[in-house]
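Hi,

Here is the structure I promised to pass on. Have a look at it first, then read my notes below with the picture open next to you.

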There are 2 protein chains.
Amino acid sequence: MQETLNYIQQNKQRFVDELFDLLKIASISADPAYSAEVLRCADEVAKHLTNAGADKVEVCKTEGYPIVYGEKIISADLPTVLVYGHYDVQPPDPLDLWRKPPFEPYIEKTALHPDGAIFARGAADDKGQFFMHVKAFEAMMKANSLACNVKFLIEGEEEVGSKSLEAFVKQNTEKLSCDTILISDTHIYSNEQPTVTTGLRGLSYVEVEVEGPNRDLHSGLYGGAVPNPIHVLSRMISKLIDDDGHITIDGFYDNVEVVSAEDRAEMNKLKDDPEAFKNSIGLKGTEGEKDYTTLERTSIRPTLDCNGIWGGYTGEGAKTVIPSKAFAKISMRLVPYQTPDEITEKFTKYFNKIAPDNVKVTVRPHHGGMPYVLPSDTKEFRAAKKAMETAFGKEVLPYRSGGSIPITAMFEQVLGAKSVLMGFGLDSDAIHSPNEHYGLFNFYKGIESIPLFFENYTNGN
Amino acid sequence: MQETLNYIQQNKQRFVDELFDLLKIASISADPAYSAEVLRCADEVAKHLTNAGADKVEVCKTEGYPIVYGEKIISADLPTVLVYGHYDVQPPDPLDLWRKPPFEPYIEKTALHPDGAIFARGAADDKGQFFMHVKAFEAMMKANSLACNVKFLIEGEEEVGSKSLEAFVKQNTEKLSCDTILISDTHIYSNEQPTVTTGLRGLSYVEVEVEGPNRDLHSGLYGGAVPNPIHVLSRMISKLIDDDGHITIDGFYDNVEVVSAEDRAEMNKLKDDPEAFKNSIGLKGTEGEKDYTTLERTSIRPTLDCNGIWGGYTGEGAKTVIPSKAFAKISMRLVPYQTPDEITEKFTKYFNKIAPDNVKVTVRPHHGGMPYVLPSDTKEFRAAKKAMETAFGKEVLPYRSGGSIPITAMFEQVLGAKSVLMGFGLDSDAIHSPNEHYGLFNFYKGIESIPLFFENYTNGN
């Protein structure tokens, strides 16, 4: 192991340089205008896997963007770890809030990252994180220390709901067969308190449309006599959450896992610092579901958020129009044992129920994802905890995160393997936001932890 | 007069051809990208005035877009009519709803316009309407039938609040001195029931901003614990109008003119056809202030409408973001004796009052305008009514319109002259909307009515 760690130490700078090249590719899967960039990114990932020492590297076609595969099988007697990651990124808008262009990576020190952080779209989510696995694999190959078989599955549609992944996994169960799945696409509680993510929320995502008149109207001539779809949509959105922060959709909480008072106490050992939380995002006050802490609200409780709203005139100056239509994108984060199909259906029913008679409402479901829990008494959890404790020199706690990686549930169902979520970001990394970044400290701690995980997992620790 | 009408008849087709040339100019005053087109339009208007026979034609500089002036003074003993119009147009978006490009005019027959209508941005508002005055003037000059002095004042900032007009009028009271002002920028009740507009609503227009966190956040990691500005804005908008259609802003109705039951009965003689109204805009049902008819809701009652809303991710696909900010454009139509300053102040106070503590709210006032009433016992009203009765061969009724032409109050104050609103559009002309159009029948009836107005007004009828 020492030889592996030495190799990592000696090649630190090159690893970052190579990551910069990947970050320069605008692989925005949500925007068709960037499809050439997404495809180019897949090819680059394949080259990196080959150079690191992987066999059978392939850019596999799908209905959507390709999935990059590679493997190193050293013995049928050893366990196999499937590494999952994604090379696509979120759209960078609003562009004007980035201090430098999102696809021109640079390093800058911050209060939380005294060693510097890499700023770029995808730095933490997920290029910087999956690339740790490529570089840790290279180090194990060079040091001849690979402890078990490894397979790589790096997809290009995670940010648009992993549309092609399930079909691909189902068609390739033999190729992808494994004992566990290792994913770095989450964050730790803090650099002082490292954690392994043991729970993720699921997701239901819909787009809604409210249509009033069949064309845009002059608000002087028609104002006061017709349903204005912006007002109707606003009223409907205001009816989705009540004054206690409860979601009002009929039956929304029916299947929600009830976390015991004991488990809630254990979870709240992670010290919640409301002032630090508020200051980190310039907020005057938090809000949320009554009788739950901020930590609980963002992990063990389901939530609903409008992610976008638009309608009418949004340009410069003043236009006196009553628009024909108004739109919103609405997502719900789910907890065990809610399912996206159930919640999307309940949302649709309720949204139609609260619509006034004089408008037409359409609900279009986007992708969804199941919530996921990894029990702390599993071999996977123990191997990750121990690896990170060695690398960080600190006790590692289990942690439930509010984000979603919907494919963990699918992997379990199709491949029969649990996913271990050993991510190394911080929640302040601004993923999905302007000025996304990833700490150099975190990047290197990740690369060091991965070979230790392989060793621990193979040895059954 | 017969010679004038003959000239109009003989030159009908050319008048439309010339209007087409004006409509091809994208004189969008709200969008700085089109400033060259706005300036070019001013020059074209000046050329048309000169060609029609006006003297002292001038493209007058202002702080914003130029004002085109021209005049024909035939005798100091005769009254002077100041014709006002505007050569700028509304932005054409949403572009994808236009059947043909907005600045490529064409003629098409419709159910309401069996003789055909001119489709283009600005066809009715206001190029097609002010151009009637240029052509009627040309006809009177050619037929040597001009009954009084005439001055033209055609501005280029009406759609952005006539920002430079007041200063210009104040600096040129001598040049613009007149006995009455004639404006064609309104609509008649229908081609079967022509009307003269005797009242217009005023306008208060604001843009609001709600800021929650100081940057966009990942809705998985933060959702459920922070104020989402889209939700906050939606709740605030839903609190502006109650279930009875009353605006809830404190003191909003304090100064509203109380229209007598008698006057309301007179007004409601204009047959309101709720089914036809609904069908014309594809609506399942109307709504509005309790105890008022649709006609009253859009004329003698003040209203509030969101004209635009935006925030978060509005592009293709799904992005799981909690935006830092959400925005809306909100306008209020005012009636006598409300004033824009009063209402903007009351709105701002109330909007801040209903804002929760954990967000930051900003209200930015745009332009405003005073409401206006022309009594039906004036010389101006009688001259217009008689002119249109001759041209249409039908009784003409007084009509209060819901739209705003804020400058009428300013003209009265600075020039001491009443404006007569002799517009010829229909409320179905889709002004400010895709596929704006103006009936050929209406265009020609306007050109015929104008010389009759000049004659009636001069003769004191």
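D126(B) sits in a loop of chain B, the one that runs between strand 5 (117-119) and helix 4 (127-142). The peptide bond that joins D125(B) to D126(B) is cis, with omega at about 5°. Please keep in mind that this is a predicted model.

Chain A has a cis bond too: from D125(A) to D126(A), omega is near 5°. D126(A) lies in the loop between strand 5 and helix 4 of chain A.

**How the two chains are related**

How far must chain B be turned to lie on chain A? The turn is 179°, with a shift of 0.0 Å along the axis, and the RMSD is then 0.1 Å. That is how a two-fold axis relates two copies. In case this is new to you, any two copies of a chain are related by a rotation about an axis and a shift along it.

The interface fits into this picture. Of the interface residues of chain B, 100% are also interface residues in chain A, so the copies meet through the same surface.

**Helix 2 against helix 4**

Now go to chain A and find helix 2 (residues 12-23) and helix 4 (residues 127-142). They pack with their axes 11 Å apart, at an angle of about 135°. Are they perpendicular or oblique to each other? Angles of 65 to 115 degrees count as roughly perpendicular and those over 145 as roughly antiparallel, and helix 2 and helix 4 of chain A are therefore oblique. The crossing of helix 2 of chain A past helix 4 of chain A is right-handed.

Which residues make the contact? From helix 2 of chain A come R14(A), F15(A), E18(A), L19(A), L22(A) and L23(A), while helix 4 of chain A brings K127(A), G128(A), F130(A), F131(A), K135(A) and E138(A).

**A three-stranded sheet**

Next, the sheet in chain A. It is an open sheet of 3 strands in the order 4-5-18, and the pairing is antiparallel. Which strands stand at the edges? Strand 4 (106-108) and strand 18 (437-439) of chain A do; each has a single partner strand, so one side of each is left without a neighbour in the sheet. On average, neighbouring strands here are turned by 30° against each other, ignoring direction.

As background, strands of a sheet pair through backbone hydrogen bonds, either parallel or antiparallel. Strand 5 (residues 117-119) and strand 18 of chain A pair over 3 bridges.

Helix 2 of chain A touches strand 4 and strand 5, and its direction makes about 20° with that of strand 5 of chain A. Helix 14 (residues 440-458) of chain A touches strand 4, strand 5 and strand 18, at about 60° to the direction of strand 18 of chain A.

Chain B has an open sheet in the order 4-5-18 as well, with antiparallel pairing. There, A117(B) stands opposite G439(B) in strand 18 of chain B. Helix 2 of chain B lies across strand 4 and strand 5, running at about 20° to strand 5 of chain B.

Have a look at N435(A), in the loop between strand 17 (419-421) and strand 18 of chain A. Its phi is near 60°, a positive value in a residue other than glycine.

Finally, there is a hairpin: strand 1 and strand 2 of chain A, with 6 residues between them. Strand 1 (residues 55-60) and strand 2 (residues 67-72) of chain A pair in the antiparallel sense over 4 bridges. Within that pair, E58(A) stands opposite Y69(A) in strand 2 of chain A.

Note on methods:
Residues numbered from 1 in each chain as written. Chains lettered and ligands numbered in written order. Predicted model: local features only at pLDDT ≥ 70, side-chain atom pairs only at ≥ 80, totals over all residues. Heavy atoms only, no water. Least-squares fit on C-alpha atoms with pLDDT ≥ 70 in both. Contact = heavy atoms within 4.5 Å. Axes fitted to C-alpha atoms, helices over the stretch in contact; angles between N-to-C directions. Helix = DSSP H or I, 4+ residues; strand = E, 2+ residues; numbered from the N terminus. Parallel < 35°, antiparallel > 145°, perpendicular 65-115°, else oblique. Left-handed = near helix turned anticlockwise from the far one by under 90°. Pairing = 2+ DSSP bridges.
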